[in-house]
Amino acid sequence: MNPDLVLVNPGSRTKIYQSLGARLTAVENPVWAGLIATFVRHKGFTVEIVDAEADELTPEQAAERVTALDPRLVAIVVYGHQPSASTQNMTGASAIASAIKHLDADIPLLMLGGHVAALPERTLDEEAVDYVARDEGLYTIVDLLHGFRDSAYPDLTKIRGLVYRDHGRAVSNPAAPLVKDLDTDMSGVAWDLLPMQRYRAHNWHCFGHLQREPYAAIYTTLGCPYHCSFCCIQAPFKGGEHALGLNTDVNSYRFWSPKRVIDEIDLLVNKYGVRNIKFADEMFVLNVRHVLGICDLIIDRGYDLNIWAYARVDTVKDNMLDKLKRAGFNWLALGIEAADDKVLTDVDKRYNVDEVYETVRKIKDAGINIIGNFIFGLPEDTAETMRRTLDLALDLNCEFANFYSAMAYPGSPLYEQALRQRWQLPDTWSGYSQHAVNTLPLPTRHLSAGEVLRFRDHAFNVYFTHEPYLDMIRRKFGEETVAHIREMTSHRLERKYAAV
């Protein structure tokens, strides 16, 4: 029986990550596609997922698989490992959309995701799709499915959150509301629809043993209450907040209950043998009751898990750390971003460097490893402030570090600022990737984009060849992990704009 809906997770790993994509990057299950599948099933429709990323399908192969299923509706889900990855994944999404329409021009095709919600009319104008969703897209999909079940030509004016063409003109319907009852309506990922054997953890997540499969990423919350100007996480939620009558100046932040989260973990552990888990929430370590409730349930199960999650420097509380470690949280990712107070304040990060040192000390004392996230090229950055950020990273000596170039991601306040000030932006969506040949970061008020990109790549090599860092890794994780890091740093990224 043909499914009502096929969800497509696009892939273009080689273009986005160059040689890093073969073994070093993670291959993550498409969390949003899995959640959408569950939501749609609860509404009485049948679903299949085509994961072009995990199955390493070319756009043509993905299109063949999709059209062979002959669904009522196809939805390409453009999200990523983190909110900013949605835009870079437009490269694969665009190619797959074109390939599907080449094989079957009549198949109804919808695109949704963070990038799409940020630029709905532009996406409809530029891509080979019939419709886009201007918000998170769940009710839009269900409304369309009801429409196509009743008629080959449904009344599009009644589809909440839909953007479509009417005589060549883009029409944007009122946004659909956010899903409020996550436990009931979107109770978990549809794991049975995914190629579970294909997913692998980040390399650093498994330092010390490097056994990266099996692996799974889950959400326990949606959204983030903070307003960092470089972040685009709320792009798919703002329309739904307005539809619910919420104050859109305050970001929505929704929770799955600890009971629902442990049900998900039970399934992953007992059915799929998963030990390596990512809590993909943009801000997991925040609400004390939520965090400790989940930790207590994991501890009660006695599972031996290897979990990582995101935190902020100013959200890590003393009474959380022991429970987090006992529950299997071996890694916390901290958005440290920069060393200069002026640079941080300009992007609405309001803590000082002394707090960074204190939080890192407390986390390390609890036996938890840290991924320090740093950004070069924020608007107030200079050559000196970027050097101080690198010096801070070296001094903190976290077990891993991510070095990013500042990007004006669609849906972020920084994107709107870049448009107002006419800063140069990438001319292709892959240019928003951190690791692509054509990566093009923002210039700062003092530096060119090329200077920022060169410093970012320099910082990466300095950090991961720094002898105090390698000595710490050797003591904690062993010589095999040191050898792995040396192999990782042997990859040199080709950069089109590094000399500009």
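A residue counts as buried when its relative accessible area is under 20%. By that cut-off Trp-308 is buried, because its relative accessible area is 3%. Please keep in mind as you read that this is a predicted model.

## Aromatic pairs

Let us stay with Trp-308 for a moment. Its ring pairs with that of Tyr-310: the centres are 4.9 Å apart and the planes stand at 65°, so the pair is edge-to-face. Tyr-310 is buried too, with a relative accessible area of 14%.

How many aromatic pairs does the structure hold? The count is 27. Among them is the pair of Phe-207 and Trp-331, whose ring centres are 6.1 Å apart and whose planes are at 75°, so this pair is edge-to-face. Phe-207 sits in the loop between α9 and β8, while Trp-331 belongs to strand β13 (residues 329–337), so the pair ties together parts that are 124 residues apart in sequence. Phe-207 and Trp-331 are both buried.

## Helix packing

Two packed helices are described by the angle between their axes and the distance between the axes.

| Helix pair | Angle between axes | Axis distance |
|---|---|---|
| α11 and α12 | about 40° | 9 Å |
| α2 and α8 | roughly 45° | within 10 Å |
| α12 and α13 | about 30° | 9 Å |

Begin with helix α11 (residues 258–272) and helix α12 (residues 288–301), which pack at about 40°. The two helices are therefore oblique to each other, and α11 passes α12 in a right-handed crossing. On the α11 side the contact is made by Pro-258, Lys-259, Val-261, Ile-262, Ile-265 and Asp-266, and on the α12 side by His-290, Gly-293, Ile-294, Leu-297, Ile-298 and Arg-301. By class, the residues of this contact are 7 nonpolar, 2 polar and 3 charged.

Helix α12 also packs against α13, at an angle of about 30°. The crossing of α12 and α13 is left-handed. From α12, the residues in this contact are Val-288, Val-291, Leu-292, Cys-295, Asp-296, Ile-298 and Ile-299; from α13, they are Asn-319, Met-320, Lys-323, Leu-324, Arg-326 and Ala-327. The contact of α12 with α13 has 9 nonpolar residues, 1 polar and 3 charged. Ile-298 of α12 takes part in the contact with α11 and in the contact with α13.

Now to helix α2 (residues 31–42) and helix α8 (residues 138–150), whose axes cross at roughly 45°. That angle makes α2 oblique to α8, and the crossing is right-handed. Which residues make the contact? They are Trp-32, Ile-36, Phe-39 and Val-40 of α2, together with Leu-138, Tyr-139, Ile-141, Val-142 and Leu-145 of α8. The contact of α2 with α8 has 9 nonpolar residues, with no polar and no charged ones.

## A buried threonine in a loop

Thr-315 lies in the loop between β12 (306–311) and α13 (318–327). Is Thr-315 buried or exposed? Its relative accessibility is 1%, so Thr-315 counts as buried. Setting aside neighbours within four places in sequence, Thr-315 is in contact with Tyr-226, Met-283, Val-285, Leu-286 and Met-320. Pro-236 is 79 residues from Thr-315 along the chain, and the C-alpha atoms of the two are separated by 24 Å.

## Backbone points to look at

Most residues other than glycine have a negative phi, and most peptide bonds are trans.

The peptide bond joining Glu-213 and Pro-214 is cis, with omega about -5°. Pro-214 is found in the loop between α9 (182–185) and β8 (215–218).

Asp-70 is not a glycine, yet its phi is positive, at about 50°. This residue is in the loop between α3 (59–69) and β3 (73–78). With a relative accessible area of 43%, Asp-70 is partly exposed.

Arg-422, also not a glycine, has a positive phi of about 60°. You will find Arg-422 in the loop between α17 (413–421) and α18 (449–464). The relative accessible area of Arg-422 is 76%, so this residue is exposed.

Note on methods: Residues are numbered from 1 along each chain as its sequence is written. This is a predicted model: local features need pLDDT of at least 70, side-chain atom pairs count only at pLDDT 80 or more; totals for chains, interfaces and linings use all residues. Side-chain values use heavy atoms; hydrogens and water are left out. Axes are lines fitted to C-alpha atoms, for helices over the stretch in contact, and angles run from 0 to 180 degrees between N-to-C directions. Helices (H or I, at least four residues) and strands (E, at least two) are DSSP runs, numbered from the N terminus. Angles under 35 degrees count as roughly parallel, over 145 as roughly antiparallel, 65 to 115 as roughly perpendicular and the rest as oblique. A crossing is left-handed if the near helix is turned anticlockwise from the far one by less than a right angle, and right-handed if clockwise. Contact means heavy atoms within 4.5 Å. Ala, Val, Leu, Ile, Met, Phe, Trp, Tyr, Cys and Pro count as nonpolar, Asp, Glu, Lys and Arg as charged, and the others, Gly among them, as polar. Buried means under 20% relative accessible area, exposed over 50%, partly exposed in between (1.4 Å probe, protein chains only). Rings of Phe, Tyr and Trp (its six-membered ring) pair if their centres lie within 6.5 Å; planes under 30 degrees apart count as stacked, over 60 as edge-to-face and the rest as tilted.
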